[in-house]
Amino acid sequence: MAAFLLLMFVFASQVIGGFNTKLPPPAYGSTITILNIDGGGIKGILPTVVLEHLEKALQNVTKDENAALADYFDVISGASTGGLIAAMLAAPHPNDPSRPALYTPEILKFYLDFGPSIFNQTSARWWFNLSERPKYDGKFLHDKAREILQETRLHDTLTNVVIPTYDIKKVKPFVFSSFKVEKVPDLDAKLSDIAIGTSAAPTLLPPYGFKNGDIEFNLVDGALVASSPALLAVSEVIKLLEEKNSDFISVNENQPTKILLLSLGCGRDGEDKGVNATYATSFRALIEWPQLILPAIAGAVGDINEYHLESIFPSHRSSDNYYLRIEEYNLDPSIGGDDTTKENLDKLVKAGEDLLEETVKVMDVTSFVPYEKPTEGTNAQALERLAETLYKEKQLRLKTKSMEKIKSMEKMGRPFVEAVVSGMK
């Protein structure tokens, strides 16, 4: 009875303290939760609209208007514009370190208000003039990233982040991962530097160089490494499970560890831009082939990611793991990745809102053609169910952590009153 009362005291103190209590490690729960956001320039508006719906659903289910995505995901990954979003979601607010730098409505406002200055069409260099690259100077984006993220470093984030970049001097990828900081301290860079680096899309924004510790970085767009870094985030988690990391191995030996992944795209247009082999034999190597290959590579990388993820999140048979991919596969071809006219911005917001009402789709990894899953309902409904799952998982972790604390106290034979007081701190 005493142990039960103590459990109620400890658990109630956490509830009274607010649902925005830091998420306990996965070891205390049953599911590891991952959020991923793809790259896509100003098209980052689209996944932000989707994330706004999820964040609102979490606030509704928790009855907590301050609930944030970083309170419920163990890992947030992103590349390019998705890496910038991930950084803003995971960085602590300078005036309240328990809250994110920006909530999703504020991130949407960031794109709508500052997109035209980041991709300033009036001062842009003509993209077809090969002697003048990149198209934009990047100064406004650099200043805003530093203003929002301030002195936050990788180890300071509210939850774990995984952000890929590519180093053009070392000619190899760099993955900035919270999980690597302890072993590789020089990766503990400022989040603003990481965000600027992963957003440096070649031809559009300049490469970004900086030093952290003894390491010099010369970075460009993380989407060159992984346009959809979901697989990177999942790989990091699987490594921790294989290493039997104490934060990720369940304290309940009979409790299997599941992985939940929400991955968001920035939209792919449905236009068939392919050509037949006979026609392609006449292509000029430096003109037509790059025009065909570069867009194809971006799409193919995402499709191959889906191929690999299928082995972890099988769509055609039962699995404890859960994967929800929300992507617009028929985006209006007129929507540009750096077009910040009001018309284009409005189209992107509308595309995000329409995507929420579409039926959940799954990629067939044989044909690489997505198909609908009517049993899952709309994307909005799937996100609302996901919010309930995330809430229950956090509550399970809080409860399990409290029970583990009680067991520890009982083993030490501490007096009941002393244990109660200590447990409520």
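What is the volume of the largest cavity? About 50 Å³. Before we go and look, some housekeeping. The model is predicted, with local features needing pLDDT of at least 70 and side-chain atom pairs counting only at pLDDT 80 or more, while totals for chains, interfaces and linings use all residues. Residues are numbered from 1 along each chain as its sequence is written, and side-chain values use heavy atoms, leaving out hydrogens and water.

**Stop one: the cavity**

Select Arg 325, Ile 326, Glu 327, Tyr 329, Leu 355, Glu 358, Thr 359, Val 360, Lys 361 and Asn 379, which line the largest cavity. A cavity here is a set of points, on a 1 Å grid over the protein atoms alone, where a 1.4 Å probe fits but cannot get out; lining residues have an atom within 4 Å of a point. Its volume is the space filled by probe spheres set on the points, which are joined across faces, edges and corners. The count is 1 cavity of 30 Å³ or more. Colour the lining by class and you get 4 nonpolar, 2 polar and 4 charged residues (nonpolar is Ala, Val, Leu, Ile, Met, Phe, Trp, Tyr, Cys and Pro; charged is Asp, Glu, Lys and Arg; the others, Gly among them, are polar).

**Stop two: H2 against H10**

Leu 355 from the cavity lining turns up again here, on the H10 side of a helix contact. Select H2 (residues 45-62) and H10 (residues 342-357): they pack at about 45 degrees, axes 8 Å apart. Helices are DSSP runs (H or I, at least four residues), numbered from the N terminus. Axes are lines fitted to C-alpha atoms over the stretch in contact, and angles run from 0 to 180 degrees between N-to-C directions. That angle makes H2 oblique to H10, because oblique is what remains once under 35 degrees is roughly parallel, over 145 roughly antiparallel and 65 to 115 roughly perpendicular. Show side chains for the contact (heavy atoms within 4.5 Å): H2 gives Ile 45, Leu 46, Val 49, Val 50 and His 53, and the H10 residues include Leu 345, Leu 348 and Val 349. By class, that contact has 10 nonpolar, 2 polar and 1 charged residues.

**Stop three: H4 against H5**

Now pick H4 (residues 104-118) and H5 (residues 139-149), packed at about 145 degrees with axes 9 Å apart. Phe 110, Phe 114, Ser 117 and Ile 118 of H4 meet Phe 140, Leu 141, Lys 144 and Ile 148 of H5.

Notes. Helix = DSSP H or I, 4+ residues; strand = E, 2+ residues; numbered from the N terminus. 1 Å grid on protein atoms, 1.4 Å probe; cavity = no way out; pocket = protein on both sides within 12 Å on 5 of 7 lines; lining within 4 Å.
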